[in-house]
Each structure stands twice: as C-alpha cells, then as structure tokens.
Amino acid sequence: MSVAGRIYPAVTFEIEPERVADFARAIGADPAAGVPPTYAAVYSLGVTAPQLFGDPDAAIDFAKLLHAEQEFEWTRHPQPGETLTSQGRIASDVSRRGMRFVSFETETKAATGEDICRSRALFVIRT
C-alpha cells in the first residue's frame, strides 16, 4: 500500500545556541559562525522523519532501510535562538524490482512564516 501524499503534523523546534555550537565543533566548523548548513539534518529532517518511521501505515522496516539520498535547499539559514516549524510529507512511494522507494520532503519555516529550508530524502527499503 502506497502512502504517497501523506502529510504529517508540523513540528516546532528551537535552534538552541549551545546545541548549535556543539554541532559546529563536532563537524569542525567555527561555533561563532552561526548555524552550520548541515544542521538542517537536525531541525528539518531530524524532527519530521520520526513521524514517517513511526507511522504503522508507512511500515518502514529499519532492518531493510537504506538512506540513499538527502538534499537541502535554503531560502536563508536560521539564527541561533530562532524557533522553526517543519512539516514533512511523503512525496512518493513506489515499489519496483523488490525494492520500495520512499521520497520524504520537509518544508521548514520561521515563526513569521518565512521560508527557511526545504529538504528531500530518499529511503530505499528491500521488500
């Protein structure tokens, strides 16, 4: 059963300065330079993907899952202390040749409604 088109409830996330600084240090970036672009994996995909993975209708089997692709597109980067809202949706869910391809997209906005980031991840699940 395909769950393409399913939209999950929006999730609010605060960009905590201490967590951003820890993340920056962990990837070898300057903590004083603000929010690293790769932090989108936390505030965008990281807060929405658990909804997909916990959805019994989506039936994502971690033992057979490969995170095949991930991409981000920014309107602007968030600032430490900012509160964001991210909402995920299943853009496509296609099965072929013994594999299932689930494309998951997230849209992240500032508290003002301004676009921050769009992300797309492709999960391949052996069936």
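Mentor: Two strands count as paired if DSSP finds at least two bridges between them; helices (H or I, at least four residues) and strands (E, at least two) are DSSP runs, numbered from the N terminus. The model is predicted, so local features need pLDDT of at least 70 and side-chain atom pairs pLDDT 80 or more, while totals for chains, interfaces and linings use all residues. Residues are numbered from 1 along each chain as its sequence is written, and side-chain values use heavy atoms, without hydrogens and water.

By these rules, 5 strands make an open sheet in the order E1-E3-E4-E5-E2, with antiparallel pairing. At its edges lie strand E1 (11–14) and strand E2 (65–74), each of which pairs on one side only. Neighbouring strands are turned by 25° against each other on average, direction ignored; the angles are taken between axes, which are lines fitted to C-alpha atoms, and run from 0 to 180 degrees between N-to-C directions.

Within the sheet, strand E3 (residues 83–96) and strand E4 (residues 99–110) run antiparallel and are joined by 12 bridges. One of the residues to look at is Thr 85, whose bridge partner in E4 is Lys 109.

In helix H1 (residues 17–26), Val 20, Ala 21 and Ala 24 are buried (under 20% relative accessible area, 1.4 Å probe, protein chains only; exposed is over 50%). Glu 18 and Ala 26, on the other side of H1, are exposed.
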